[in-house]
Amino acid sequence: MCGIVGYVELKNNPSCSKYLDRAIQSLEHRGPDSSGKDEFFTKQKIGFGHRRLSILDISEAGAQPMTSFRGRFKIIFNGEIYNHHEIRDYINQTHNFNSWKGLSDTETLLNLFEFLSFKDALKLVKGMFAITLIDLKSNIIYFSRDRIGEKPLYISFNDSCLLFGSELGAIDKFPAFNKDLSMTSLSSYFKFNYIPAPYSIYKGTFKCPPGKIISIDLNKFTLNDEPEIFDDLLLNSSISIDDYWSSMDILQGESSKYENFQDASQGLEKILSKSVKDQLISDVPIGAFLSGGIDSSLITALMQKESMSKIKTFTIGFDDKRFDESRYAQEVSSHLGTEHTELILSEGDVLNIIPDLSKIYSEPFADSSQIPTLLVSKLAKSKVSVALSGDGGDELFGGYNRYFMAPSVWSLLSKFPYTVRNFGADVFLSSPGLLRSLENISRMVYKKTPVQLVEKIQSLSSKIKNIKSEKDLFISLISGHEDISSLLNHPADPFSYAYDNEIWSNTSLSFQEKMMYLDMKTYLPDDIMCKVDRAAMAFSLESRAPFLHQDVVEESLRMPLEYKIKGKTGKYILRDILYKHVPKNLIERPKQGFGIPLEEWIKGPLKDIFSDSISEQNLSHNLINKDAVKKMFDDHVSGKRNWQNQLWAVHSFQNWFYDNDIKYKL
């Protein structure tokens with residue numbers, strides 16, 4: 001895994017070269033083994049910088065920036081190409097080329113561009129990646145990310161230079177970088193607790209969308225006006241944006257080749273096993289994150305099956321038993337025979353890492369499971385350099401509760417007038433004591449009662465007040481702050497592909513399929529993979545997600561929904577595969593996610609920190625409604641309403657805002 005950064009100077013003498021070394025150095029955590037840079041002239045002065053975490057071919061033959069064998073292309077690349085040996089065979093057989101300098105997947109990828117167009121080459125590539133490539137012959141620069149968006153790539157546009165890199169913290173090292181706050185992104189952040197691609201927190205700076213190619217003809221590229229929205233880029237005739245892969249095309253294309261469930265289960269196991277085997281290729285020690293849930297247990301089981309020695313596994317636990325899954329991970333580890341390491345987190349561990357979060361994530365990010373993800377990454381790095389995870393299983397195979405609850409909720413809600421729904425919601429929101437009693441009764445009679453049932457009922461009740469369609473229900477279920485206008489003093493309309501009416505008007509897809517598709521397009525890359533990439537890279541650990549291998553993703557998209565969700569059971573086909581390797585009784589329990597006891601911590605060890613972050617002085621920027629936040633905090637501390645996620649979002653933004661020199665216009 002690596003970090004990349006670079007620039008193209010346009011006009012007004014931005015002197016980017018003076019700051020490239022500093023930008024490269026800021027990415028040392030992504031690549032501590034070595035660094036490199038290449039500055040050259042075409043029509044413009046261009047600089048490529050790279051930090052290297054050596055995983056494949058740890059020799060100097062894998063160093064970047066790298067120039068293709070004919071000298072036409074230069075590349076900086078972050079990621080892993082899992083089928084690069086097959087690509088080398090293809091190049092040898094089809095183009096009679098076998099003059100390789102080393103064994104790295106970077107060289108394989110780079111030289112492929114000498115024989116195929118950028119788009120056609122990417123269609124052959126299976127892996128996770130962020131690529132910046134310059135064609136010195138045509139003076140066209142290309143940017144692209146992998147199909148799901150496992151690896152990050154930011155591109156920043158202003159009239160003096162084009163800046164790009166793995167993290168905003170590296171681009172920020174160039175004085176020409178525009179740090180104006182995007183009000184659209186601010187609203188999106190508080191709506192969803194992350195900033196959906198293609199936007200970033202800054203105006204004129206965008207995330208390259210997964211599965212797309214952005215190409216810029218530098219012979220005629222100028223920028224008179226900074227782009228306000230991503231679609232403004234299309235107004236520039238020198239910029240082209242194209243798909244090399246589309247999940248919707250596959251979802252609506254040919255169905256799975258398997259004729260029945262058992263054939264499909266056996267076929268998927270083979271595909272998953274191949275994905276795991278491909279991702280076990282490494283020249284450094286490798287392990288796995290193991291929570292004891294379905295996804296991580298299945299990946300670990302398939303890893304152990306492929307390995308001749310004990311797989312190293314890692315998990316995080318808590319003293320609070322409601323959130324502690326470490327015992328389940330230990331049971332799975334014992335059954336599979338892995339070499340297991342666990343860490344039980346203390347309040348001190350959390351307090352110590354909170355000040356670093358804004359730097360690690362470089363823009364506001366409010367998924368509180370970032371904390372255990374960071375700490376399990378730190379734990380894993382003590383013994384391995386690569387860790388496989390179960391990320392993607394929920395989105396691809398129907399693991400989230402909303403996939404089987406939302407259709408039932410909508411079926412029920414649609415039977416009642418809107419005014420009646422509002423009244424019922426108000427009753428639940430004003431009766432926390434009643435809800436606590438219901439939760440206690442539920443736990444006595446139903447062992448699979450979800451964790452934080454009261455918080456879930458309150459959250460759903462507040463959302464019901466705005467639901468008039470399936471789309472409204474889904475947006476509510478994935479929202480952080482329900483009413484942005486009451487929180488922000490200067491709200492803008494939030495952005496997300498989840499609002500896309502083309503998806504919601506698609507009559508060929510069920511409600512569940514639409515939710516899963518949109519989660520794969522938004523929540524998976526912009527929350528889950530962002531969380532994991534930044535957490536792992538903070539400790540120079542490469543994370544890999546076998547569920548996100550192209551073959552697995554495409555098989556899931558072709559698969560009938562009933563193979564993934566059966567009644568009230570999600571990930572049905574994954575369970576079928578897993579129970580061949582791990583006893584069912586070690587897995588079946590209420591789903592709780594990778595959370596932390598945030599509700600209680602805000603009332604206890606984090607109370608003073610949170611109170612200070614929303615003080616009159618610290619809210620003097622006037623972006624956030626002081627009274628609204630103060631009421632949330634008071635209601636939370638008193639136990640009237642659990643606002644943990646909303647307060648975490650505010651606190652995370654405040655930390656980020658004061659750790660950066662932010663400019664904004666109201």
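The mean positions of the 78 positive and 86 negative charges of the chain lie 2 Å apart. In this count Lys and Arg are positive and Asp and Glu negative, while His and the chain ends are not counted; each charge is placed at NZ of Lys, CZ of Arg, CG of Asp or CD of Glu. The model is a predicted one, in which local features need pLDDT of at least 70 and side-chain atom pairs count only at pLDDT 80 or more, whereas totals for chains, interfaces and linings use all residues. Residues are numbered from 1 along each chain as its sequence is written, and side-chain values use heavy atoms, with hydrogens and water left out.

To begin with the overall fold, the chain has 30 helices and 17 strands, taken as DSSP runs (helices: H or I, at least four residues; strands: E, at least two) and numbered from the N terminus. The radius of gyration is 25 Å, close to the 26 Å that the globule rule gives for 666 residues, so the chain is as compact as a globular protein of that length. This radius is taken over C-alpha atoms, and the rule is 2.2 Å times the number of residues to the power 0.38. The C-alpha trace spans about 70 × 60 × 50 Å along its principal axes. Of the 666 residues, 61% count as buried (under 20% relative accessible area, with exposed meaning over 50% and partly exposed in between; 1.4 Å probe, protein chains only). Among contacts (heavy atoms within 4.5 Å) with a separation of 6 or more, 74% come from residues 24 or more positions apart. The chain exposes about 25,600 Å², and carbon and sulfur atoms supply 49% of this area; the areas come from the Shrake-Rupley method with a 1.4 Å probe, and for residues only the protein chains shown count as cover.

Two strands count as paired if DSSP finds at least two bridges between them. β4 and β5 are joined by 2 bridges in the antiparallel sense, and here Met66 stands opposite Ile75 in β5. Between β5 and β6 there are 9 bridges, again antiparallel, with Lys74 facing Ile134 in β6. On to β7 (residues 140–145), β6 makes 6 bridges, and these two strands also run antiparallel; Ile134 stands opposite Ile141 in this pairing. β6 and β7 form a hairpin with 4 residues between them, and Asn139 in the turn has a positive phi of about 60°.

β6 is mostly covered, with 9 of its 9 residues buried. Gly127, Phe129, Ile131, Leu133 and Asp135 point one way from the strand, Met128, Ala130, Thr132 and Ile134 point the other way, and all are buried. Helix α3 (residues 105–112) is likewise mostly covered, with 8 of its 8 residues buried; among them are Asp105, Glu107, Leu109 and Leu112. The buried residues of α3 pack against β4 (66–67), β5 (73–81), α2 (84–95), α4 (118–124) and β6 (127–135).

Several loop residues also deserve a look. Asn83, in the loop between β5 and α2, is buried with a relative accessible area of 10%. Leaving aside its neighbours within four places in sequence, Asn83 is in contact with Leu124, Val125 and Lys126. The loop between β3 (45–52) and β4 holds Pro65, which is joined to Gln64 by a cis peptide bond with omega of about -5°. A cis bond also links Ala197 to Pro198, with omega near 10°, and Pro198 is found in the loop between α6 (183–192) and β10 (205–207). Asn193 lies in the loop between α6 and β10; its phi is near 75°, a positive value in a residue other than glycine, and at 12% relative accessibility Asn193 counts as buried. Ser362, in the loop between α12 (357–361) and α13 (370–381), has a positive phi near 60° and is buried, with a relative accessible area of 8%.
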